[in-house]
Amino acid sequence: EHTAGFKDMARAEFASNDEVTLTQGLQRFAKGRKTSWSPGQRHFYSNTSYGLAGRVIEIATKTAINDWLTTSVFKPLGMTTATMLQSKAVVAELVPGYQRDGVERIPYWHMIYPSLGAMNLQPRDMAKLIQLYLKRGQGHLSASLIQRQETPTTTPEARQGHSFGYGLGLYQWRHQGKLFYGHGG
């Protein structure tokens, strides 16, 4: 829930377009791996935390994060085009992004910490991921785990009884009386 005490990554870190391993990226910007306040004290979104979480998965499973995600998430969901890696083939198949004006294209860039959300996939595979949430786990995850992702519990506000905010990777917001869950980026 981003209560570890890490600030977000530096601009140089975020803008890095170098293809390096997760370990190399984390080592390159190691000076930023200091907590700024005691864990649990406040919520502060940190992309770096996703990089660190990915590295924990790599150490625990002795598997590169893309390989682990492919085996544990993408293949079981039938997501045949999903990858955290960049290649000419991936870039050639991506739907381009555009600036807010809807005209200027956003160039593809490779995130230095793929585990912070550098998932490349075709729309049909994104639909499978969305269905996982709409069907409350779809037999791959428990409905209680989906609910946990939607519900903040460790922020100071949550400890005061508030259930609205940022859970595990999902924001909540209201629009025209409806509750939405998601994550930008």
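The following legends describe an overall view and several close-up views of a predicted model.

Residues are numbered from 1 along each chain as its sequence is written, and side-chain values use heavy atoms, with hydrogens and water left out. In this predicted model, local features need pLDDT of at least 70 and side-chain atom pairs count only at pLDDT 80 or more, whereas totals for chains, interfaces and linings use all residues.

**View A. Overall fold of the protein chain.** The protein chain contains eight helices and four strands, where helices (H or I, at least four residues) and strands (E, at least two) are DSSP runs numbered from the N terminus. Their order from the N terminus is α-α-α-α-α-β-β-α-α-α-β-β. Along the principal axes, the C-alpha atoms fill a box of roughly 50 × 40 × 40 Å. Of the 185 residues, 34% count as buried; buried means under 20% relative accessible area, exposed over 50%, and partly exposed in between (1.4 Å probe, protein chains only). Among contacts (heavy atoms within 4.5 Å) between residues at least 6 apart in sequence, 61% join residues at least 24 apart.

**View B. Surroundings of T3.** T3 belongs to the segment before α1 (11-15). Its relative accessible area is 12%, so T3 is classed as buried. Leaving aside residues up to four places away in sequence, T3 touches P39, G40, Q41, R42 and H43, together with T154 and T155.

**View C. The aromatic pair W37 and F44.** The structure holds six aromatic pairs. The ring centres of W37 and F44 lie 5.5 Å apart with the planes at 65°, so this pair is edge-to-face. Rings of Phe, Tyr and Trp (its six-membered ring) pair if their centres lie within 6.5 Å; planes under 30 degrees apart count as stacked, over 60 as edge-to-face and the rest as tilted. W37 has 10% relative accessibility and therefore counts as buried, whereas F44, at 35% relative accessible area, is partly exposed.

**View D. The aromatic pair Y45 and Y166.** Y45 and Y166 form an edge-to-face pair, with 5.8 Å from centre to centre and 85° between the planes. This pair links distant parts of the chain, 121 residues apart. Y45 lies in the loop between α2 (22-28) and α3 (47-61), and Y166 in the loop between α8 (156-159) and β3 (171-175). Both Y45 and Y166 are buried.

**View E. The tyrosine cluster.** Y45 and Y166 also belong to one aromatic cluster, which Y50 and Y171 complete.
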